[in-house]
Amino acid sequence: MSRIGSLLIAIQLLAVGSAQSEELFFEQHVRPILKANCFHCHGEEGKREGGLDLRLRRLIVAGGDSGSSLTPGDSAASLLLERIRSGEMPPVDKKLSEDEISLLEHWVNGGAKTARPEPEQIGSDPLFTEEERNFWSFQPIHRTALPEVSGVTTARTPVDRFILAKLEDVGLSFSPDADRRTLVRRIYFDLLGLPPSVAEVENFVNDPSPHAYERLIDRLLASPHYGERWGRHWLDVAGYADSEGYTDEDTPRDWAYFYRDYVIAAFNADKPFDTFIHEQLAGDELVMPPYKNLKDEQIERLAATGFLRMAPDGTAAGGIDQNVARNEVVADTIKIVSSSLMGLTVGCARCHDHRYDPIPTVDYYRLRAVFEPAFDWKHWRVPAARRISLYTDADRELAAKINAEAAEVDKQREAKAEQYIDRTLEEELATLPESVRDPLRVAYKTVAKERNAEQQALLKEYPSVASISVGSLYLYDRRREEKAGQIDAARREKEKQLATAADPTALAAEIQRDIEAATKLRAEKAADDLKRYQERADEIRATIPPERFLRVTTEEPSQIPSTFVFFRGDHEQPKDEVIPTGLSVLDTRIDSTLPTNDDSLPSTGRRLAFAKQLTDPRNPLTARVIVNRIWLHHFGRGIVNTPSDFGLLGDRPTHPELLDWLAAEFIESGWQVKSLHKLIMMSTVYRQTSYRSDQHDMIDPDNKLYARMSVRRLESEAVRDALLTISDKLNCNLFGPPVPVMEDEVGQIVIGQENLDGERKPGQTVDLHGEQFRRSTYVQVRRSRPLGVLETFDNPDMAPNCEQRNASNVAPQSLLFMNSNLVVEYSEHFAARVMREAGSDLAEQVRLAWQLAFATLPSENELAGATEFLEQQVKSFRESPNKPKDATAESLALASFCQALLSSNRFLYVE
């Protein structure tokens, strides 16, 4: 990052003006270069190599052990420049660029000026320049007046005024509105992540009301699928995963899904986003312990703290350095919090002062102190020790009652087993010499450890008796079956003799006794009978309410750990103790102090106070970061297109006044996300067509000014969910445990319940009872096992979270649609649906398939071409000797056509 960062800084600085006459100042132009490359050895954390401190201009002039390092007006005589030119400084592989060196020389030759008088002393507190404090993202949120525009009639909302003002500055204006079919598909995928049905498209297209568009938005915002879609966006940056990661074992997280469900429900309920933040950071501090017999609201708040438990956590694994692993959990948690809510790369200050942003190392550890009571690395709790049971007293009482009932059946089974053992013993003894029966009976019934040598020898001599046990009764059942077979054989011989027998009556009675004896032997199979008892007990126990757990963040009230600055990030080198505070660069905007221990709460209260600090209307970061993320998901790029980096290395906002206006509106509306959606989507800028023009490409090729709508590829989940929806297979159930994934026979990760035998070979397929057709949001997020179809389309990599997704366009995506068994399967389902609903007429099949896939009707040429294709395919399959016997030529032809539709860009992209 440093090499790229230096280049970016150089470009930024040179943008001020590369002319030699440009007046340069230490604070604005020089200090950022020295901070990025030199402060860690010359000024940071009290380090002064060679006695030289480079943090102030006067300190550079004063110099170090080698004398003055700066001669204002003469770069050739300045030791600092001499050492830099020679490559001696910085003493690492990364050297200053020629542009940076040129800038330093220009500054020195111009008199080495400062923008203002420098402080007389530098204490231990962080030193910020006015330029750093006045960086755009640290400025107060300011709602500016709506700009004047000449095309005001095209501006439907205040959003449009800000966009149009920028467009008019470069001679552009809005593109026309997209047609209704394009809009309805766009809105469905934006808000629900699902394609619209044919009926939904036609209803909107044919609705003459001027409020049709607004009603459509309102209806979709009220859909439960909205929370699944927008909850997934938040789960990316929260780092949601159903496994611990960190080690190759990647242990599953059985109860993480409660946090996922909390997020979905929060978006559906339009929970105010400030409350959403408070609950995720400190939901446990809003619930009084002990955490028993929890009500729904308490469960919701505790589940929310799963946000702080999403970082990879390998501390329950063996063979690792525990102290390293524990501190990595804390570091990753801080990264997730700061990137998602603060829009800053705070983690870059873990080992040294941030090279580019005004975030000193001490601030990093002050922020760590906020979370230390919950993540005390010296008194660590592994994941299983952090769970809270959702069992209530009523659940335990019912479980005890059911267990008692099952225990009665167990007792009956035990008594029955004793009867069968006694019977088997006597049957076996009856086959032995009479002289050993009594002593053998006594030896068997004597407790093993109390048997004498004679008894042990006797049992060893007669293993058929010694081996009698509940577990071996099935073997004796087999012997009873064999004996019954022998009786049957003897009986059949007797039946042959019946006609010539001297006393047929007696023989017939003997035959009857044989029949009864064989029947009895077969009827009284001990193993089967005992199995029925066991099954009955298992059935009873199966009615016990399952005990579920929440994966939560809590504090140990008796322990308030101290937090220290780790020198160079090394936990084995603690330095100064720090107390919890917010970022010190903001302390002129907002009170950054936090309580060390709030006596009014059962916990320290640090996280709750921090959450409230983040959502304070005076905080310049949080609202900007959230509205920027929402904008990003509507337009494919953010107003700041580095959504987790509002610092120096991040992008500058393309429309800063709009960002602030939206942030202010968001706060004043009560942090209501759905209101913000509607405000954005009702605008002209959102409704534009995506058609490009030569003028657009010449003036704004990246569409940063929004003169049209950008074409966007569906995300990985939306691709799979659209396949499910179009093929009429989607299971719309909400919430619950994740749908499992497994490795198939060729090593691909697919949906399925792993069922391996002792040699780890796949066993019989486990029926998922339709769970395999649930939305992708509910598919298990196993860090080491990303679902194949999702991975192909850039599913998020939770390491520890996903700040912004890629949207690649690569060959494996096309190959998946050409060759994947999954796509072939859903193409067949798609075709079956079309045949059910459209009948056998090829033209009607084409129209319906086209509407389902693209939300529009085919043109006459497209209809004719598709119909001709189907006719040719039907003929080809009829003539093919390899046609499957269980499929018709018509169904195969239609399936191939449906696969072609799904493989098209028109399906994969939203205009």
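Me: Which residues of helix 2 are buried?
Reply: In this predicted model, the buried ones are Phe-26, Glu-27, His-29, Val-30, Arg-31, Ile-33, Leu-34, Lys-35, Ala-36 and Asn-37. That is ten of the twelve residues of helix 2, which spans residues 26–37, so the helix is largely enclosed by the rest of the structure.

Me: Okay, now helix packing. What describes two packed helices?
Reply: You give two things: the angle between their axes and the distance between the axes. Take helix 15 (residues 322–342) and helix 25: their axes are 7 Å apart and the angle is about 80 degrees. Angles from 65 to 115 degrees count as roughly perpendicular, so helix 15 is roughly perpendicular to helix 25.

Me: Which residues make that contact between helix 15 and helix 25?
Reply: From helix 15 you get Ser-339, Ser-340, Leu-341 and Met-342, and from helix 25 come Thr-622, Val-625, Ile-626 and Arg-629. Sorted by class, the contact has four nonpolar, three polar and one charged residues.

Me: And at what angle do helix 21 and helix 23 pack?
Reply: Helix 21 (residues 473–497) and helix 23 (residues 526–541) pack at about 135 degrees, with axes 7 Å apart. That makes helix 21 oblique to helix 23. Here Leu-473, Tyr-474 and Asp-477 of helix 21 meet Ala-526, Ala-527, Asp-528 and Leu-530 of helix 23. By class, the contact of helix 21 with helix 23 has five nonpolar, no polar and two charged residues.

Me: Let's do rings. What describes a pair of aromatic rings?
Reply: The distance of the centres and the angle of the planes. This structure holds 34 aromatic pairs. In one of them, Trp-631 and Tyr-706 have ring centres 5.5 Å apart and planes at 80 degrees, so the pair is edge-to-face. Trp-631 lies in helix 25 and Tyr-706 in the loop between helix 29 and strand 5, so the pair ties together parts that are 75 residues apart in sequence.

Me: Are Trp-631 and Tyr-706 buried or exposed?
Reply: Both Trp-631 and Tyr-706 are buried. While you're looking at rings, find the cluster that ring pairs make by linking Tyr-226, Trp-234, Tyr-259, Tyr-262, Phe-267, Phe-273, Phe-276, Phe-307, Phe-666 and Trp-671.

Me: What lies over the face of Phe-204?
Reply: That's Arg-180, at 4.8 Å from the ring centre. Look at Arg-186 too: its charged end sits over the ring of Tyr-686, 5.7 Å from the centre. Arg-186 turns up again among the contacts of Ser-690, along with Arg-708, Met-709, Val-711 and Glu-911, if you leave aside neighbours within four places in sequence. Ser-690 itself lies in the loop between helix 28 and helix 29, and at 8% relative accessibility it counts as buried.

Me: Which value does phi take in Asp-250?
Reply: It is near 50 degrees, a positive value in a residue other than glycine. Asp-250 sits in the loop between helix 11 and helix 12, and at 1% relative accessibility Asp-250 counts as buried. For His-769, phi is near 55 degrees, positive as well. His-769 lies in the loop between strand 7 and helix 31, but at 66% relative accessibility His-769 counts as exposed.

Technical notes
Residues are numbered from 1 along each chain as its sequence is written. This is a predicted model: local features need pLDDT of at least 70, side-chain atom pairs count only at pLDDT 80 or more; totals for chains, interfaces and linings use all residues. Side-chain values use heavy atoms; hydrogens and water are left out. Axes are lines fitted to C-alpha atoms, for helices over the stretch in contact, and angles run from 0 to 180 degrees between N-to-C directions. Helices (H or I, at least four residues) and strands (E, at least two) are DSSP runs, numbered from the N terminus. Angles under 35 degrees count as roughly parallel, over 145 as roughly antiparallel, 65 to 115 as roughly perpendicular and the rest as oblique. Contact means heavy atoms within 4.5 Å. Ala, Val, Leu, Ile, Met, Phe, Trp, Tyr, Cys and Pro count as nonpolar, Asp, Glu, Lys and Arg as charged, and the others, Gly among them, as polar. Rings of Phe, Tyr and Trp (its six-membered ring) pair if their centres lie within 6.5 Å; planes under 30 degrees apart count as stacked, over 60 as edge-to-face and the rest as tilted. Buried means under 20% relative accessible area, exposed over 50%, partly exposed in between (1.4 Å probe, protein chains only). A charge sits over a ring if NZ of Lys or CZ of Arg is within 6 Å of the ring centre and within 35 degrees of the ring normal.
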